[in-house]
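Here are my notes from a pass through this model, in numbered points. Have the viewer open while you read.

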Amino acid sequence: NNLKIINNYKKQYKKAIENFNNENYIEFMYSAPSLIENILKKFLLQLDGDFLSFRDKNLIEKSLNQMLLQLIEDKNCYMDKYILRYISYALVDTDGLNLRNEVLHGNYEDNYFNKENAMYIYVILIYLIRYFSYDEE
């Protein structure tokens with residue numbers, strides 16, 4: 001079952017990169033942030049970090065912003081802190097580009113899905129796939 005999940009992620013990575021290369025920026029910008037989040041969740045788990053938290057009495061997944069802050073502050077995190085700050089700036093920082101939130105919450109203009117905006121996400125995805133890919137653990 002784990003191998004099936006790994007293979008499905010590999011297919012999603014391939015499709016996301018294909019969408020970018022074929023200039024399907026809408027599809028790319030919708031799919032890639034969730035792949036980035038999944039890589040960071042796996043990375044956090046390897047550091048014995050937790051991607052779950054409580055809100056009121058409900059157990060929920062931490063937001064991407066919360067996970068990034070946790071990784072930045074974790075002394076055992078060997079991922080480059082500048083890269084983590086860049087990911088935060090590009091995807092979730094309200095003082096930054098906030099691309100993930102703008103796209104997923106529908107807060108964008110008609111010309112938003114362009115190569116420039118997609119490139120920020122593409123660079124992050126390629127970096128993380130190279131840096132931390134799913135394997136058959």
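1. A cut-off to start with: a residue counts as exposed when its relative accessible area is over 50%, and as buried when that area is under 20%. Glu 23 comes out at 57%, so it is exposed. Keep in mind that this is a predicted model.

2. While you're at Glu 23, check its backbone. Phi is positive there, about 60°, even though Glu 23 isn't a glycine. Most residues other than glycine have a negative phi. As for where it sits, Glu 23 belongs to the loop between α1 and α2.

3. Asn 98 is in the loop between α4 (81-91) and α5 (99-104). Its relative accessible area is 8%, so Asn 98 is buried, whereas Glu 23 is exposed.

4. Now the helix pair on either side of the Glu 23 loop. Helix α1 covers residues 2-21 and helix α2 residues 25-46; they pack at about 145°, with 9 Å between their axes. The crossing of α1 past α2 is left-handed. On the α1 side the contact involves Tyr 9, Gln 12, Tyr 13, Ala 16, Asn 19 and Phe 20, and these meet α2 residues including Phe 28, Leu 35 and Ile 39. Sorted by class, the contact of α1 with α2 has 8 nonpolar, 4 polar and 1 charged residues.

5. Leaving aside residues up to four places away in sequence, Asn 19 touches Asn 24, Tyr 25, Glu 27 and Phe 28.

6. Next, the aromatics. How many aromatic pairs does a search of the whole structure find? The count is 10. Take Phe 28 and Tyr 122: their ring centres are 6.2 Å apart and the planes meet at 55°, so this pair is classed as tilted. Phe 28 is in α2 and Tyr 122 is in α6 (residues 115-131), so the pair ties together parts 94 residues apart in sequence. Buried or exposed, these two? Both Phe 28 and Tyr 122 are buried. They also belong to one aromatic cluster, together with Phe 20 and Tyr 25.

Methods:
Residues numbered from 1 in each chain as written. Predicted model: local features only at pLDDT ≥ 70, side-chain atom pairs only at ≥ 80, totals over all residues. Heavy atoms only, no water. Axes fitted to C-alpha atoms, helices over the stretch in contact; angles between N-to-C directions. Helix = DSSP H or I, 4+ residues; strand = E, 2+ residues; numbered from the N terminus. Left-handed = near helix turned anticlockwise from the far one by under 90°. Contact = heavy atoms within 4.5 Å. Nonpolar A, V, L, I, M, F, W, Y, C, P; charged D, E, K, R; others polar. Phe/Tyr/Trp six-rings, centres within 6.5 Å; stacked < 30°, edge-to-face > 60°. Buried < 20%, exposed > 50% of the residue type's maximum accessible area, 1.4 Å probe, protein only.
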